[in-house]
Amino acid sequence: MDDILNAIVLLTNFVIVPALAYGAQLALGALGVTIIFGILRFANFAHGDLMAFATMVVILVTWVLQDAGIGIAPLPTALIALPVGILAAIAISLFTDRCVYRFYRQKKSAPVIFVIASIGVMFMMNGIVRVIIGPDDQSFGDGARFLIQVTQFREWTGLKEGLAIKMSQALTLGVAVIAVAALFWFMQRTRAGKAMRAYSDNEDLALLSGVNPDRVVFYAWVIAATLATIAGTLYGLDKSFKPFTYFQLLLPIFAAAIVGGIGQPLGAIVGGFIVAFSEVTITYAYRKFLLYLLPAEWVPDGLVQFLSTDYKFAISFVILVVVLLVRPTGVFRGKVI
Amino acid sequence: MSFLIAENMVGGYGGSDILKGCTIAVEKGEIVVIVGPNGAGKSTAMKAVFGMLDLREGSVRLGEDDITTLSPQERVRRGMGFVPQNNNVFSTMTVMENLEMGAYLREDDWSETLDQVFTLFPILKEKRQQDAGELSGGQRQQVAVARALMTRPQVLMLDEPTAGVSPIVMDELFDRIIEIRNTGIAILMVEQNAAQALAIADRGYVLVTGENRFSDSGQALLENDEVRRSFLGG
């Protein structure tokens with residue numbers, strides 16, 4: 001009996017909890033991508049670097065606050081810096097829209113032109129971040145590291161395996177739930193939210209109903225930038241901040257948005273968790289888990305790991321390709337790219 | 001002087017003109033139907049009246065005002081409602097949300113208009129929490145007309161409202177359109193089902209290659225031998 005419990009705790013500690021946190025971060029990122037796709041009708045390749053830019057601002061403000069001795073321990077100081085990061089992300093999003101995307105919108109350019117333009121924006125943003133904060137890893141987490149520690153857990157339960165829940169993981173889930181609830185309330189209940197859904201559903205008819213397209217685009221950027229800042233900051237607190245990693249996050253985020261059905265907010269959330277759980281379950285080494293459940297001689301000698309963690313991006317890529325081949329609309333019947 | 005009059009319209013897409021000087025007018029409390037063979041420019045004429053197509057010549061006047069250069073959105077604000085032929089509902093939104101979007105520009109209390117719309121289309125009240133995309137073709141047309149009515153228009157323009165619905169649904173839709181006319185709204189519509197449409201029309205225009213060929217009362221057009229032979233299939 002203890003063996004089964006130990007196996008469950010082991011899996012929870014190394015697979016379920018990390019995947020939940022990672023899934024929430026991907027979901028927030030994918031929501032931003034999906035909203036820009038729904039309103040501006042292009043896949044925004046600059047979203048990962050927008051996350052990096054926003055997180056960079058949060059980090060800089062966090063450092064200033066830390067130097068000044070301001071904090072909200074046990075919670076990380078970055079939470080107070082978050083609003084500044086959100087404002088900066090909104091400002092740079094609106095600025096790039098004004099300088100780049102608006103031009104193509106007025107020309108009624110094809111979506112692929114927008115995509116290419118967004119790749120340009122991505123490189124710009126990438127460069128700005130590296131010039132300001134450098135390409136290296138930055139740590140900015142403070143406050144309590146753990147909500148539940150392994151040793152505490154062992155004492156409480158008397159099990160051999162321990163369960164740790166990092167503060168950043170708990171925070172990720174909490175903040176993600178609040179952000180998603182606020183977003184859905186906005187989309188379903190408010191006049192501006194309904195105008196956005198109408199515009200996304202049927203642009204011509206929305207215009208005939210008197211929806212102002214400039215306002216809708218403005219709201220879309222505000223929401224996408226806010227979500228990008230939250231997603232980036234939570235990811236940075238949970239793992240670490242490195243500009244290149246944020247660029248790489250683009251792939252799982254796109255996979256999440258497309259698996260769920262691009263243009264569908266609910267799909268982005270489900271997609272985030274599908275991608276996160278696939279990545280973590282496939283790259284986890286199950287040897288120890290099997291040792292608890294099977295007689296020792298049945299357990300293979302190797303690590304029982306399907307793929308090395310070095311290949312975790314391959315998983316997002318495979319998911320992306322399979323979904324596009326088998327069900328291009330995604331789980332929730334979004335638009336086909 | 002008609003309430004809405006589009007005079008001498010010339011224009012089209014790109015280089016060639018589809019409309020070659022046609023004139024369309026509608027009075028309050030009147031149903032005017034535009035019929036004609038395929039490619040006659042019926043839908044184009046509707047789009048031109050609504051400002052979705054730039055005119056090279058001619059003018060559109062609503063009441064006292066010249067609205068020739070106004071955008072479609074501005075025309076909605078001035079009291080014109082338009083029901084496009086295709087994609088005329090928000091299919092991922094509920095019936096109620098579709099109606100709310102119709103009233104999007106209104107800052108006054110529109111609950112009375114909502115009651116009127118629900119009296120006119122009782123089925124919509126029943127299905128108000130359903131997504132418009134899940135409804136049948138005829139019900140979707142009702143949502144489309146109802147959405148346009150929520151702006152409380154003085155002129156309602158319908159582009160082939162009965163396209164793709166069964167004859168029974170068509171008769172019902174025409175009955176509703178007569179009821180809307182009776183509230184004093186001017187109705188301008190393009191119809192594929194010419195004979196049935198002319199039967200309920202106060203006046204009709206027969207458009208051929210972008211020009212007015214016949215214009216008369218609906219009844220007179222139905223009784224006109226030449227119109228019957230050429231455009232109504234006997």
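**Exercise 1. How are helix 1 of chain A and helix 12 of chain A oriented to each other: parallel, antiparallel, perpendicular or oblique?**

Before the solution, a word on the model. It is predicted, so local features need pLDDT of at least 70 and side-chain atom pairs count only at pLDDT 80 or more, while totals for chains, interfaces and linings use all residues. Residues are numbered from 1 along each chain as its sequence is written, and chains are lettered from A and ligands numbered from 1 in the order in which they are written.

Solution. 
- Step 1: get the geometry. The two helices pack at about 140°, and their axes are 7 Å apart. Helices here are DSSP runs (H or I, at least four residues), strands are E runs of at least two, and both are numbered from the N terminus. Axes are lines fitted to C-alpha atoms, for helices over the stretch in contact, with angles from 0 to 180 degrees between N-to-C directions.
- Step 2: pick the class. Under 35 degrees counts as roughly parallel, over 145 as roughly antiparallel, 65 to 115 as roughly perpendicular, and the rest as oblique. Helix 1 of chain A and helix 12 of chain A are therefore oblique to each other.
- Step 3: Helix 1 of chain A crosses helix 12 of chain A in a right-handed way.
- Step 4: Ala, Val, Leu, Ile, Met, Phe, Trp, Tyr, Cys and Pro count as nonpolar, Asp, Glu, Lys and Arg as charged, and the others, Gly among them, as polar.

**Exercise 2. Work out how helix 12 of chain A packs against helix 11 of chain A and helix 14 of chain A.**

Solution. 
- Step 1: take helix 11 (residues 250–260) of chain A. It packs on helix 12 (residues 265–283) of chain A at about 125°, with the axes 7 Å apart. That angle makes helix 11 of chain A oblique to helix 12 of chain A.
- Step 2: check hand and make-up. The crossing of helix 11 and helix 12 of chain A is right-handed. Residues in this contact include Pro252(A) and Ala256(A) from helix 11, and Gly267(A) and Glu279(A) from helix 12 of chain A. By class there are 10 nonpolar, four polar and one charged.
- Step 3: move on to helix 14 (residues 312–326) of chain A. Its axis comes within 9 Å of that of helix 12 of chain A, and the two cross at roughly 135°. So helix 12 of chain A is oblique to helix 14 of chain A.
- Step 4: finish the pair. This crossing is right-handed too. Among the residues making the contact are Glu279(A) and Lys312(A), and the tally is four nonpolar, three polar and two charged.

**Exercise 3. Which residues of the largest nonpolar core touch the most other members?**

Solution. 
- Step 1: define the core. It's a set of buried Ala, Val, Leu, Ile, Met, Phe, Trp, Tyr and Cys residues joined through C-beta atoms within 7 Å.
- Step 2: Out of 172 residues, Ala27(A), Phe53(A), Ala220(A), Ala256(A), Ala45(B), Met157(B) and Ile187(B) touch the most other members. The largest share, 18 residues, comes from helix 1 (residues 2–40) of chain A.
- Step 3: Beyond four places in sequence, Ile187(B) is in contact (C-beta atoms, placed from the backbone, within 7 Å) with residues including Ile31(B), Leu156(B) and Arg181(B).

**Exercise 4. Describe where chain B touches chain A.**

Solution. 
- Step 1: count. Contacts link 17 residues of chain B with 13 residues of chain A.
- Step 2: locate. Helix 2 (72–77) and helix 3 (95–102) of chain B each supply at least two residues of that side.
- Step 3: classify. The side of chain B has eight nonpolar, six polar and three charged residues.
- Step 4: zoom in on Pro72(B), which sits in helix 2 of chain B. Not counting residues up to four places away in sequence, Pro72(B) touches Leu208(A), Phe50(B), Gly51(B) and Met52(B).

**Exercise 5. Is Lys108(A) buried or exposed?**

Solution. 
- Step 1: Lys108(A) is in the loop between helix 3 and helix 4 (111–133) of chain A.
- Step 2: count neighbours. Lys108(A) has 7 other C-beta atoms within 10 Å, so it is exposed. The cut-offs are 20 or more for buried, 12 or fewer for exposed, and partly exposed in between, with C-beta atoms placed from the backbone.
- Step 3: check the backbone. Lys108(A) has a positive phi of about 50° although it is not a glycine.

Definitions and conventions:
Two residues are in contact if their C-beta atoms, placed from the backbone, lie within 7 Å. A crossing is left-handed if the near helix is turned anticlockwise from the far one by less than a right angle, and right-handed if clockwise.
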